[in-house]
Amino acid sequence: MEHEITLVVNGTARRVRVPARRLLSDCLRHDLGLTGTHVGCEHGVCGCCTVLLEGRPVRSCLTFAVTVDGAEITTVEGLAGSDGRLSAVQRAFAECHGLQCGFCTPGFLCTVTALLADNPVPTDDEVIEGISGNLCRCTGYQNIVKAVHRAAELRAEET
Amino acid sequence: MKPPPFEYHAPRDLGAALRTLAEVDGKVLAGGQSLIPMLNMRLAAPAHLVDINRVGGLGASEVTPEGVRVGALARHAEVERAAAHPLLTRALKLVAHPVIRNRGTVVGSLVHADPAAELPAVLAVLGGSVRAARWDTAGGGPVLREVPAEEFFVGPMESALGPDELAVSAFFPALPEGSGAAFEEVSRRHGDYALAGVCAVVTVGADGAARARAACVGVGAGPVVVDLGELGPVRRAGWKAAAALVREATDPEEDIHATAAYRRHLVGVLAERALRNAAREGAAARGA
Ligand SMILES: Cc1cc2nc3c(=O)[nH]c(=O)nc-3n(C[C@H](O)[C@H](O)[C@H](O)COP(=O)(O)OP(=O)(O)OC[C@H]3O[C@@H](n4cnc5c(N)ncnc54)[C@H](O)[C@@H]3O)c2cc1C
Ligand code: FES
Ligand code: FES
């Protein structure tokens, strides 16, 4: 049986028919065509499917689309400003070489966006704890940690 | 890695949720942080899922001098932020990653009853309980029962809940006056389930005498509770001997992550650390 649901994705209400077993990650990617959200492990370990649900980071691979009917969701496609200018977190990742292949990056960007909204000036330990649920096979994390601190600076300058 | 099909129910109130559970052979979906991985890996294939995320009134937690009652929809992260119980707060920081804790529920962790999970050990060491509800079809109403921790954890991934029962809340008793608590664990990677862990509560009496209780994770079919009783003056208590008793009470198994002997060794080391840390905190709380 299919269910008709509405998701407010990156500020736009999207109606979609999905079977109950549709994961939010697959709903975003296949039903809504938002392939920025990546899928790695599908059991909550790698973090690359992380999106913001009502502003809080969650695993879209461990969430059914039907469960979040009516909710507001932000994906990596929604992080840049409406004029297309990259967000502070996105610019910091680019500037500090916080990515190589980019597969893990959407999850990191969403996680870090929420982390800095909660804690605008995190310590090194807080950054490491905050991103501990996201795996990156390329960068060795050092530049990601740098990017988080840089993003904190950029945010402070801009507000 | 996709969940098998199931029939979906999204009740709006507790009565409807309980009636559905009484009628169909279903599983409860709370935060989904354990259930959805199991569905994705096809380790579970329930015919019906009863999603309780829209049920009103299950999200609230209540703090009284006696302890904290956590509602079924209270997420790990919310309970952690509320910081209403020092041992519970400390244990929550060890559960998975912050992002998982935004969805996972405290009560879901208890019902899931993973032998390596932190929260069952906390409930067990404190002597807490889980409140279960089911629909009484003959009487036409809900029936509640309070299941003490020692009866709740039946075996690995098995709680005492019946298939038609919903856990509506869990009660974590407050630490007695003059108490300290600690949770020590070792895991292979940050946020993983622990290879072994020990939580301890040490209560220092007005006369300076220490009493201790410990619960171990990852080294038995469920939380292994050891009541160490009275251990003499807190400053001179034999924590090493007490830790050895905790170690002897466990019967760890071997798996790909660690041998049984290594787990047993870890329990001894972690028990001593947890007991000493809890004792220090207890002594400070008592002003001894
Ligand atoms: C990557 C990763 C790492 C993790 N690491 C840890 C860890 O280190 N320590 C740890 O303890 N946990 C860990 N977890 C599991 C996590 O804590 C889960 O959130 C928790 O175990 C289950 O809570 P939930 O609300 O998500 O329950 P769900 O996944 O929704 O349900 C779990 C089980 O409990 C049942 N259930 C849930 N709520 C109720 C209820 N109210 N009444 C009746 N039945 C109910 C369900 O039917 C199901 O069988 C990890 C998970 C992931 C994905
Ligand atoms: S795909 Fe969701 S955590 Fe790996
Ligand atoms: S940049 Fe390649 S996995 Fe992180």
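The model is predicted: local features need pLDDT of at least 70, side-chain atom pairs count only at pLDDT 80 or more, and totals for chains, interfaces and linings use all residues. Residues are numbered from 1 along each chain as its sequence is written, chains are lettered from A and ligands numbered from 1 in the order written, and side-chain values use heavy atoms, leaving out hydrogens and water.

I then looked up the sheet. It is open, with 5 strands in the order β4-β5-β10-β6-β7 (chain B) and antiparallel pairing; two strands pair if DSSP finds at least two bridges between them. β4 (61-64) and β7 (141-148) of chain B are at the edges with a single partner strand each, so one side of each lacks a neighbour in the sheet. I found 5 bridges between β6 and β10 of chain B.

Lastly, I examined the contact between the chains. It takes 27 residues from chain A and 30 residues from chain B. I counted 3 salt bridges between them, each a side-chain nitrogen of Lys or Arg within 4 Å of a carboxyl oxygen of Asp or Glu. One salt bridge joins E129(A) and R101(B) (3.5 Å, N to O).

Definitions and conventions
Contact = heavy atoms within 4.5 Å. Helix = DSSP H or I, 4+ residues; strand = E, 2+ residues; numbered from the N terminus.
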